[in-house]
Structure formats: C-alpha cells, structure tokens
Amino acid sequence: MTRLSDQAVARLRDVVAWPELPPERYEVRRLLGRGGMGAVYAAFDRRLGREVAVKVSNAPSAAGDLEARLRQESRVLARLEHPGIVPVHDAGELDDGRWYYVMKLVRGQTLGEHVPSLRGEAPVLSVFERAAETVAFAHAAGIVHRDLKPSNIMMGSFGEVLVLDWGVAKILGTPPPGEVPTDVAGPTPGDGTASGTRIGTPGFMAPEQQRGDASTAGPAADVYSLGALLYWMFTGRPAPPTADEATLGLAALPDAPSRRLRAIVRKCLAESPADRYPDAGALVQDLARYRAGLAVRAHRESPLERAGRIVDRYRAFILLILAYLLMRALFAWSQRL
Amino acid sequence: MNKPVLGLLLGAVLGAFDGLTALISAPETAPQIMGIVIGSTAKGLVVGAIVGWYASRVRSLGKGLLVGLIVAAFFAFLIALAPNPDGSHYWVEIMVPGSIVGLIVGYATQKFGRVRSPVQG
C-alpha cells in the first residue's frame, strides 16, 4: 500500500473542505487564504469565463452569527460602489447553510509588501490618500470599517488601491450582527485581529476599540486607524499609545515628514475621538489642503511659518517678479552711469 | 476668476506698471508717459487675453510659459520698432522686461484661475 506524504494529506484535506459552489457556474481552483470568519478561494466563473474570488463562511455556528456577518459584509460591499472597493458579483447560500459571496479576484500586493518600494513623502501620501478617500466614501454612506491595517489595503497590479475585509464593518444606525460577546472575528492567523467586541487590530485600533467599546466606535475610530496606517507607512511601526511629538518620533526620521503633516498624523491619533477629524472626509480635505500648500486644520502656524509656507507655495511666481524688478533696476542703474 | 479674465487683469496691471517704470529707466520719456502707459497697458491686455485663453485650453506649465514669452516678446518687439527721436531703438529696455511680464502672466494663468467647466447639454 502506498503511503501518502503529509503534504499530500494536507492538500487532500483542503480539497475536501472546499465549498460545493453551484457546479454549473463555479469551479473552485485553489485556497487563497483563511481567516477567522471564513476562507477565500480562487474559482473560475464558467458563465463569464473569468477567475473570481469566493469568500465562504467557516462551518456554520449555532447562533448563525458567522453567516450574518458574511451576509452583512457582502451587502456592505454591494452598497459601496467605488474604485477602491472590490466589487461583489454574486452571493448565495451553500447546501450546508454557509453563506458565500463572489467578488473580483484582486492580483497585486498588500500595503505591507508594497510600502518598502515607496521612497519619500509624496509617494507615501499618494497611496495613503487613495485609501483614505475610499474610507471617506464609506463614511459618507454611513459605514465604518473598524479594522483598517496594512494587510487590509491592497495595491492592484495597475496601481489601484483597494480597501479590503469589510467583515467587521458597521452600518451606522443599525446594530451589527453578532456584536454580543462572541469570537466571530476571532484571531486571524498572522494579522492579530482581536476577537469579540474588541474589534480591530492592536497598534491600529482606536483607544475606544481597545477598551472593548466597539459598538460605539464611529467614523473617528477609522480616522485613528488611518492615522496609525500613515504612521506605519513612515516608520514601519504600529502607533504608540501616546501620540505626542516626542513619542511618535516622526521628526527624527531621515525622511521626516513636514511639521504640518506630523500635526495631521497627531490629530488622527488623538486619544479622544472628539479631538480627531470627525470622519475620513475631513482628513482627506486637510491632506488636500496640505498638498496645495494651504493652512491645515491640524496645525496652528506662527506668522513666520505662514510666511514660509506662502513663499514656498508661490516660489516660482515670486522669483519671476523678482527677476522683472531686478531687470528694471539694472536698466535704471545703467541709465544713471 | 477664470483663466482668460485672470490673464487680462494681470496683463493690464503689469503692463501699466511696466509702462510707468519708463520714468525710472528712461527719464527722458517723461513727456510721453501717458502714451507709454496706455500703449503698455493695451499690450498687456492683448498678451494677457491670448495667454489666458491658451491656459484655459492647454494645461502645461512649460507650454504656458513658452506661449507667454513668445507672445509678450512679439508685442514688445512691435512697440520697440518705433524709433526714438534720435533714430535709436529701446530694443533691450522694452523687450526684456516685456518678455518677463509674459512669463509671469504665462505662469500665473497656468497655476491659478478656474477652467470653465464644459456645459452639459
């Protein structure tokens, strides 16, 4: 009798666990990843002739909260039509009662893999702003992500920035399913997502989420996570619990972000939600003001700083006017000789 | 303010200022200063209108600067063509600052001012 290798046994076990999707429509090809809520598979859509990703909930729980969460995630995604959010193509229920949904298969890198290739403030901000714009869109639609972290941001092969994993997202005004203490969002291998009502990821979740107060976490909690994400993009470290200038240490970096940008990060990471930007839209607006060389809400500048910023913004214009005046002065001077 | 209007305004203001500077760079022109200022303002208006119109159609700082320079230099050349009573010409005195004014208008109209949004039918 031939003995199967451990690898072959593990592969067979995986294949056996593959979901039985409608065979006339989908052919499951490989496992892409497994998390606390469910697994994601690459499948072939026979009808449309393309590869898709299928997320299937883990084995049904007695309370049915896993299915409820996955249903909610698919509905949240379907509601959020945005270039920064993976579109949902289809959803349904397997014969064993598990919920699944079909989405675009994203090829690319996670933010964690992509960030080392970003050098300097401008490329970091360019990627970050696109992720923040997506979150701002969700906030405008009344949805809070609640688990923003590097592994949930994906860079597509054409440079698109996608915000993934809306499994613990909350629709404002409605109690999210399974919010009662449970382990539905239980630890995902490798990403440290906390379980139960303490939803989020240490180092990226807002203080109110850390305290296990996930039900009251609003858009400002995502603003905190975005600030932590920006901090991580600059330093490679999760945000420290105290967000003062010295603890953050951004000014000491070789490619230190400017004082105004550091103030934006600090405002995002404020302990109290009231001291942060109210939502990601306000953060995006302040970043746009920053890039345009305008005063930002996060930083009260001194008259000297203001003058420096204005000179910096209009440098070429001022140089042209100075060149004109210099020319005129030279002509006047030569006339007097 | 849209780009053609910005070009017009900036061209007129800088043109008038450029004309007035003749009092310092060529004091002997004082008796004709009104004519110089009017002519220089008119030149600034025309240059500003052309450069502003161009900026509302083409978004390129390099091209905007080049168009500003060429258009302003051309009109300054036309003005410098008029000889002085002694038959000499103020080629450099008129053309160099005039061209810089064109660069300023070209830069400003590319960087600032609104582009009129297309009307939807």
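A:V54 has A:V102, in strand 5 of chain A, as its bridge partner. The model is a predicted one, in which local features need pLDDT of at least 70, side-chain atom pairs count only at pLDDT 80 or more, and totals for chains, interfaces and linings use all residues. Residues are numbered from 1 along each chain as its sequence is written, while chains are lettered from A and ligands numbered from 1 in the order in which they are written.

Strand 3 (residues 50-57) and strand 5 (residues 99-104) of chain A run antiparallel and are joined by five bridges. Helices (H or I, at least four residues) and strands (E, at least two) are DSSP runs, numbered from the N terminus. Strands of a sheet pair through backbone hydrogen bonds, either parallel or antiparallel. In chain A, five strands form an open sheet of order 1-2-3-5-4 with antiparallel pairing, where two strands pair if DSSP finds at least two bridges between them. Strand 1 (26-34) and strand 4 (88-93) of chain A are the edge strands, each pairing on one side only. From one strand to the next, the twist averages 25°. Helix 2 (residues 65-79) of chain A packs on the sheet, where it touches strand 2 (38-45), strand 3, strand 4 and strand 5 of chain A. The direction of helix 2 makes about 30° with that of strand 5 of chain A; axes are lines fitted to C-alpha atoms, for helices over the stretch in contact, and angles run from 0 to 180 degrees between N-to-C directions.

A:L111 lies in helix 3 (residues 111-114) of chain A. A:L111 counts as buried because it has 23 C-beta neighbours inside 10 Å; the cut-offs are 20 or more other C-beta atoms within 10 Å for buried, 12 or fewer for exposed, and partly exposed in between, with C-beta atoms placed from the backbone. Not counting residues up to four places away in sequence, A:L111 touches A:P150, A:I153 and A:M155, contact being defined by C-beta atoms, placed from the backbone, that lie within 7 Å. A:L32 is 79 residues from A:L111 in sequence and 17 Å from it in space, C-alpha to C-alpha.

Between the chains, 11 residues of chain A are in contact with 13 residues of chain B. The side of chain A that touches chain B comprises nine nonpolar residues, one polar and one charged.

In chain B, B:V115 is found in the segment after helix 5 (91-111). B:V115 counts as exposed because 11 C-beta neighbours lie inside 10 Å. Its contacts, leaving aside neighbours within four places in sequence, are with B:K3 and B:S56.

Methods:
Two residues are in contact if their C-beta atoms, placed from the backbone, lie within 7 Å. Ala, Val, Leu, Ile, Met, Phe, Trp, Tyr, Cys and Pro count as nonpolar, Asp, Glu, Lys and Arg as charged, and the others, Gly among them, as polar.
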